[in-house]
Amino acid sequence: MTDAIQVVRGACPHDCPDTCALLTTVENGRATKVQGNPAHPMTDGVLCTKVSRYAERTYHPERVLQPLKRVGPKGSGQFEPVSWDAALDDIAKRLQAIAARDPQAILPYSYAGTMGLVQGESISARFFHQLGASLLDRTICASAGAEGLTQTLGNKVGMKVQFFAESKLIVIWGSNSIGSNLHFWRIAQEAKRNGARLVCIDPRKTETADKCHEHIALKPGTDAALALAVMHELITHGWLDQDYIDQHTLGWADLRERALQWPPERAAEVCGVPIEQIRQLARDWGTTKPAAIRLNYGMQRVRGGGNAVRAVACLPALTGAWRHRAGGLLMSSSGHFPVRRTALQRPDLLGERRPRTINMSTIGDDLLREASAAFGPKIEALVVYNSNPVAVAPESGKVVQGFAREDLFTVVLEHFKTDTADMADYILPATTQLEHWDIHTTYGHTDVLLNRPAIAPVGGARTNTDIFRALAARMGFDDACFADTDEQLCRMAIGDEKDFEVLLQHGFASLPVPDAPFAQGGFPTPSGRCEFFSQRLADMGQDGLPDHVPNYELASGQGPYPLAMISPPARNFLNSTFVNVQSLRDIEAEPVLEMHPEDAAARGIADGAVVRVFNGRGSYHCKARLNQRARPGVVNGLGVWWRKLGLNGTNVNELTSQHLTDMGRAPVFYDCLVEVALLQKEDAHG
Ligand SMILES: Nc1nc2c(c(=O)[nH]1)N[C@H]1C(S)=C(S)[C@@H](COP(=O)(O)OP(=O)(O)OC[C@H]3O[C@@H](n4cnc5c(=O)[nH]c(N)nc54)[C@H](O)[C@@H]3O)O[C@H]1N2
Ligand SMILES: Nc1nc2c(c(=O)[nH]1)N[C@H]1C(S)=C(S)[C@@H](COP(=O)(O)OP(=O)(O)OC[C@H]3O[C@@H](n4cnc5c(=O)[nH]c(N)nc54)[C@H](O)[C@@H]3O)O[C@H]1N2
Ligand code: SF4
Ligand SMILES: [Mo]
């Protein structure tokens, strides 16, 4: 019996900064347990609750295990099983017919359902490049922050995460570490035990805020104002490292002038926080060494998200925090990895063609657009993989209307009948992380991980790569690159043969990143300095300096929608993944809206009441949860539920808009005004 037990090394595929190393126990060909690898320092043998249920998800009774073809009306969720050959032949024929008119009418739609370089964008990208399909601007998560960080530091680079353990001040800015970056929280706790002060900056009083020494509950979208006021105090109190500023930054005189326009009194008004809290934050930042900021993506999902990240990213250079390995800032480490994207994705297969680019964050509007000179052809076919846009994209009323078009041909590669798969013409069953090869970089630490298949594909599931290889063959794409195996793709993704041998042996390897990468400056910007002023932004007609850019939707005290809604992740889901895993859904129980008791009382809403959250874009039913986690004037709609598992077949994105951020063309999920009312019997279906 013991002979039949194996433990296989892998990597967590999810869009999470921790990128844990997995150990999967396989008994007689069946995965029985998924655990954290104790040998991997960042994972330290611990997984989050979600992924420790990965076997439950893999063998879920509702998993799609054979190709399905739509038989009912669009969106009815009625399908019949068909053979792989029948499905692939028909899909290839349909795509070929559209491509003969204009391949740009075909749009791939994918995101980070798996963060793997191989099952993400490798053969799939080659396929769409060879076809000449529209390109996809993958903006739905992080592109505003990434752009802001890049315009300031030069790339998505920063501190090494393990050195936060030695910091004496940690500012957790726009992130709920306990919920979404658990392994960083472990490091922050170690620092706390060693005497570090922890400050959390978040409109919501999260589990993380509960455990920090200070919580600054600012209004959503006001982080740049707060950061500018901190600079004001650093200047007026002389808490600057003038030598670091002179040698390693660009645009100080201009930034100084800008910051002097932001006394704490002004920022307190804009941010809705006490003046003394701002002064204290500046004092902490200006006088504690080493001091570090864990910046995350929560704060860049508003109109001024790029500017906000720029403003915060200036703070470590002002005090010379970068001099110490436990000082500086970390938002994303992904720019440290020398990934061979060109080899994996082969953009050269486009030849002379330059297809248009569609922004994934405005898929609602774009699916409803007619052909025009400016837009190009109407979108006639969508191929969706590693994403659930009907649930996660903003303004879902429009997204659903777009997917419901009878003249749209939609193929969805999935594990489950998600809200998006329900709208498909074909659902193709894809393998999970336990069933395929992959290689993983990360945005929260600096290790590369290899994922080996632990079990054979369940049922008739096939890997994303295999599905695109099979389609390529049917479309007559004969370039040799379509024959690359997954193992070959892993080998070419990053590093050399020697590196790959290390991965085969240990499952992970660390990048050679210096301990204090910017102690002597050397930022990867055009000037080599930390760019307070960005000429590149100025050349694009934008403000070259960071500034506070107010939200699109600002509560004025009047108007039909007086409450600001943010919709941060639910701890036991990963975006919309895991919502259908019963044991995890049981913990989250039902869709909730956190409200401050004052806002609820003004509307006659009691704790646990079913409410209608609405604005001009739509309405969403959920349960009101009254507590101090919500600040007055702000409501928190937690998690991206599957629409069909919600109370009225919608989720929070019924309310969010398709406006885009100041930089990076990203969505503004947390820049959204709503009103809340007790649900009356007559609007139970409204
Ligand atoms: N459990 C779990 N973990 C996840 C995810 C998940 O869905 N569930 N999602 C993953 C993904 S895709 C990502 S991108 C990462 C990063 O995910 P993040 O977007 O960083 O998510 P959170 O850590 O929840 O941090 C968001 C926090 O920002 C706060 N916030 C909202 N608006 C503002 C604002 O204007 N200013 C400030 N300062 N804070 C604001 C929210 O209240 C929330 O607590 O997390 C990943 N990890
Ligand atoms: N209101 C609101 N909306 C949000 C957010 C928010 O905070 N508030 N967060 C936004 C953010 S940060 C992000 S990143 C996006 C996330 O949006 P998505 O990237 O769409 O993420 P998921 O919802 O997790 O959906 C991923 C899907 O990929 C599938 N999948 C996983 N692995 C594989 C595979 O190997 N092959 C195939 N074919 N499929 C696979 C999963 O089953 C799952 O259904 O949502 C955004 N939407
Ligand atoms: S979701 Fe994040 S914390 Fe959970 S196992 Fe994956 S990488 Fe680790
Ligand atoms: Mo994300």
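Helices (H or I, at least four residues) and strands (E, at least two) are DSSP runs, numbered from the N terminus. With that settled, let's take a look around this model. It is a predicted one, so to speak: local features need pLDDT of at least 70, side-chain atom pairs count only at pLDDT 80 or more, and totals for chains, interfaces and linings use all residues. Residues are numbered from 1 along each chain as its sequence is written, chains are lettered from A and ligands numbered from 1 in the order in which they are written, and side-chain values use heavy atoms, with hydrogens and water left out.

Leu65 sits in the loop between H1 and strand E4 (68–70). Its C-alpha atom is 8.9 Å from that of Phe416, although 351 residues separate the two along the chain. Another pair is Ala229 and Ala267: they are 38 residues apart along the chain, with 6.1 Å between their C-alpha atoms. Ala229 belongs to helix H8 (residues 223–237).

How open are some of these spots? Here, buried means under 20% relative accessible area, exposed over 50%, and partly exposed in between (1.4 Å probe, protein chains only).

| Residue | Relative accessible area | Class |
|---|---|---|
| Leu65 | 33% | partly exposed |
| Ala229 | 0% | buried |
| Asp44 | 40% | partly exposed |
| Phe578 | 0% | buried |
| Cys48 | 19% | buried |
| Cys271 | 0% | buried |

Asp44 is not a glycine, yet it has a positive phi of about 55 degrees. You'll find Asp44 in the loop between strand E3 (30–36) and helix H1 (54–58). Phe578, not a glycine either, has a positive phi of about 85 degrees, and its loop runs between strand E22 (563–566) and helix H22 (582–588). Then there's a cis peptide bond, from Lys289 to Pro290, with omega near -10 degrees. Pro290 is in the loop between helix H12 (275–287) and strand E12 (291–295).

**Cysteines and ligand 3**

A disulfide is a covalent bond between the sulfur atoms of two cysteines. How many disulfides does the structure hold? Zero, counting a disulfide as a pair of cysteine sulfur atoms within 2.5 Å. Take Cys271: its closest cysteine sulfur, in Cys200, is 15 Å away, so a bond is out of reach.

Other cysteines turn up around ligand 3. Its shell (residues with a heavy atom within 4 Å of it) is made of Cys12, Cys16, Asp18, Thr19, Cys20, Leu47, Cys48, Val51 and His183. Six of the shell residues are nonpolar, two polar and one charged. In this scheme Ala, Val, Leu, Ile, Met, Phe, Trp, Tyr, Cys and Pro count as nonpolar, Asp, Glu, Lys and Arg as charged, and the others, Gly among them, as polar.

**The second largest pocket**

On a 1 Å grid over the protein atoms alone, a pocket is an open set of points where a 1.4 Å probe fits, with protein on both sides within 12 Å along at least five of seven lines; lining residues have an atom within 4 Å of a point. The second largest pocket has a volume of about 1,000 Å³, where volume is the space filled by probe spheres set on the points, joined across faces, edges and corners. Of its 32 lining residues, Tyr111, Met115, Arg138, Lys156 and Arg341 are the closest to the centre. The lining has 13 nonpolar, twelve polar and seven charged residues. H14 gives the largest share, three residues.
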